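Thanks for coming, everyone. Please bring up the model on your screens, and we will walk through it together.

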Amino acid sequence: MSSPLSHLIRPTVLVLFIAGVLLLGAGSQTWATPAQGPFGQTVPTFTPTATPDTITGGGGGEDDGDGDGGDGIPVATLQIVTPVAGTGIAPTATITPTGTMIPPATVVPTTPVVEVVTPTVPVPATLPVTGAPTTPFYVPVAWIIGLLLVTGLALTWNARRHTPS
Amino acid sequence: MLLPGLLLLVLGLVYSRTLAPGVTWANAGTDSGDLITAAATLGIAHPTGYPTYLLLARLFQYLPLGDPALRTNIFSACMAMLTVLWVYRLIRRIVADPGWSGLFAAGVAALGLGLAPLFWSQAVIAEVHTLNAFCAAVILSFILSTLTSQPEIPPAHARLQGLFVGLALGNHVTIALLAGTWLFTSSIQTPAQQRVRYLGQQVLGIATGLLVYLYLPLRASAHPAVNWGNPVDLSGFWWVISGAPYRDLAFGLPQMFLSQRLAAWAALLIQQFGWVGVSLGFIGLLYGQTRYRQFVGLTAIIAIAYSAFALTYNTADSYAYLLPVYLIFTLWIALGIHTLLRVCPQRNYSRLALALLLVILPAWPVPTNARQVDASADRRAMDYARQVLTEAPDQAIVLTTSDLDTFPLWYYHYALAERPDMFVVVEPLLEFPWYREHLRISYPALTVPEQPGMGRQEQLARANPSLGPVCRVELIDVSPRLHCLLEE
């Protein structure tokens, strides 16, 4: 024979579930991740010294804030793209080729950098998917009223079920 | 038949109104360019390859409507509608009430799933998630069948179900959780003397379905334009199907981010169904009046497992793995609605009033959700790719670095064969021998340095003096830029 207290278990669990989701959901609404920005990481990231075996889809570093959504795109490779048209940049030691298929740096003419395409296409912010909309003040009030109603309903129903006819 | 037809009509209108017009970045859909291009060229998409998805998407790309990207988006919408229909059918079985209360609960809950923002967002872009949701719904119904069926189960059924599960694994490997649950429940439910035979039939079916992965080596050997991992040998094949480059991401979220994700999990749940839906779901879970309490309990365990995977998967878009959770929550909501309607007294139209309330309250956020997930105006990826293709110099070697700047270019360059004089090179992939080999085969005129390291742009320029300039694509904040190295 069950005690009267045992009748309260399910309503209590119900209230705890609902209140738990409500309270949790009222906090941070960001799908937090350290590995990348908002645009996915299907193309793996890498560090310049990494061997193919160490390449991963993430990496665990902070977003480098370069707008590409990646965390490991080597900034070093961007060193020569300073958009100053007509300025020659001589190859430096860091870009001296070592592969046998590549001609020695000395025979390569100085390579000035020319910015060919000027940005004209505006890219609006990504459509929001994650996180709930900003909560107006009346929502928590409605929640509390709703919780009370649900609790009352559940308790009443539970009591009815266990009342001998 | 009227209610399922109505569901199809409503969702068909809603999805077609908000469908992405082509390749898109909306709704975390940056992979759409990769998937569409791989399907259009019968190539190999990023690991784990998704052969089932690619073959079905390829079929849809024969539709005489729009371009291949739009047709693949339509495929997602169709899978979403099929999922909703299957969930409706599943609810009818669970609720087992032929009266209007059962119909109402199934209809409202299934529609709620179809209009839940995350589900909706994936229905309007080319992604694997709606097909995965459909597979999840079907396998859930298999599990329900095994829990309720009589001892005598025709072996042919087991084989067919296994075949479906194998094909589902060919779409997304996360379905393995449901597949395992199905095998486990059926082995428990089957009488001991039939267990081995029955399991054998199931495994045979799964193995047959998994043959879809043969698509990978078969197509890779033809050197398609998109050929991740070049899975012609065993190591390449394993690299693709095991998701090697992303393996560290599974359960890889640093602990410090977990509490934030847990909060976001709750916020997302509220965002999907509203507080009314969340309350109804938990009422259904705890009080749902059904003969299949065992099944409902099992779905709770499955939902927790999927939530744990999504929470700990270390990417910014892993919330998409919550779709099976929302599918299960929909079943609970239906049980909750049905339970409340049965408890509510019949006099004075109070049931009707309650039913109206249960429709109006969840419907309230639908316009807001529509604005959030509407991808119909998203032309960013298309405009970006068009601009690069228009303005890149002759025979330019275009270097890309991320999903965002790579996949839309792949679509126009490979699938639509635009600017065939151009060379698209994904810089991070140059680290992989298979990619360097793939570039040599795809672009015979291009010389790819064997050991790229620092300064790839310069290396490519030096190795290819007779070709056009090497241009790096940059997407800084809101604007795409091309920076090209030109020889003097």
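Start with helix α19 of chain B, residues 403-415, which is mostly covered: 13 of its 13 residues are buried. Buried means that 20 or more other C-beta atoms lie within 10 Å of the residue's own; 12 or fewer is exposed, in between is partly exposed, and C-beta atoms are placed from the backbone. Helices here are DSSP runs of H or I of at least four residues, strands are runs of E of at least two, and both are numbered from the N terminus. After α19(B) comes B:A417, with a positive phi near 55°.

A word on the model. It is predicted, so local features need pLDDT of at least 70 and side-chain atom pairs count only at pLDDT 80 or more, while totals for chains, interfaces and linings use all residues. Residues are numbered from 1 along each chain as its sequence is written, and chains are lettered from A and ligands numbered from 1 in the order in which they are written.

Next, the domains of chain B. The assignment gives domain 1 (2-373) and domain 2 (380-485). Those bounds come from an automatic or database domain assignment. The C-alpha centres of domain 1 and domain 2 of chain B lie 36 Å apart. How many residues of each are in contact? In chain B, 21 residues of domain 1 are in contact with 16 residues of domain 2. Contact means C-beta atoms, placed from the backbone, within 7 Å.

Look at the domain 1 side of chain B that touches domain 2. The elements that give two or more residues to it are α2 (32-40) and α4 (68-95) of chain B. α2(B) gives the most, with five residues. By class, this side of domain 1 has eight nonpolar, eleven polar and two charged residues. Nonpolar covers Ala, Val, Leu, Ile, Met, Phe, Trp, Tyr, Cys and Pro; charged covers Asp, Glu, Lys and Arg; the others, Gly among them, are polar.

Now α2(B) and α4(B) as a pair. Their axes come within 10 Å and cross at roughly 105°. Axes are lines fitted to C-alpha atoms, for helices over the stretch in contact, and angles run from 0 to 180 degrees between N-to-C directions. So α2(B) and α4(B) are roughly perpendicular. The cut-offs: under 35 degrees is roughly parallel, over 145 roughly antiparallel, 65 to 115 roughly perpendicular, and the rest oblique. B:I36, B:A39 and B:A40 of α2(B) meet B:P68, B:A69 and B:T72 of α4(B). That contact has five nonpolar, one polar and no charged residues.

A second pair: α9 (residues 176-189) and α14 (residues 293-312) of chain B. They pack at about 150°, with axes 11 Å apart. α9(B) and α14(B) are therefore roughly antiparallel. B:L177, B:L178 and B:T181 in α9(B) meet B:L298, B:I302, B:A305 and B:Y306 in α14(B). Here the classes are six nonpolar, one polar and no charged.

On to chain A. It has two helices and two strands. From the N terminus, they run α-β-β-α. Of its 165 residues, 28% are buried. Take contacts in chain A with a separation of 6 or more: residues 24 or more positions apart account for 67% of them.

Last stop, A:T42. Where does A:T42 sit? A:T42 is in the loop between α1 (9-25) and β1 (88-89) of chain A. A:T42 counts as buried because it has 24 C-beta neighbours inside 10 Å. Neighbours within four places in sequence aside, A:T42 is in contact with B:D31, B:D34, B:H46 and B:D403.

Note on methods: Contact = placed C-beta atoms within 7 Å.
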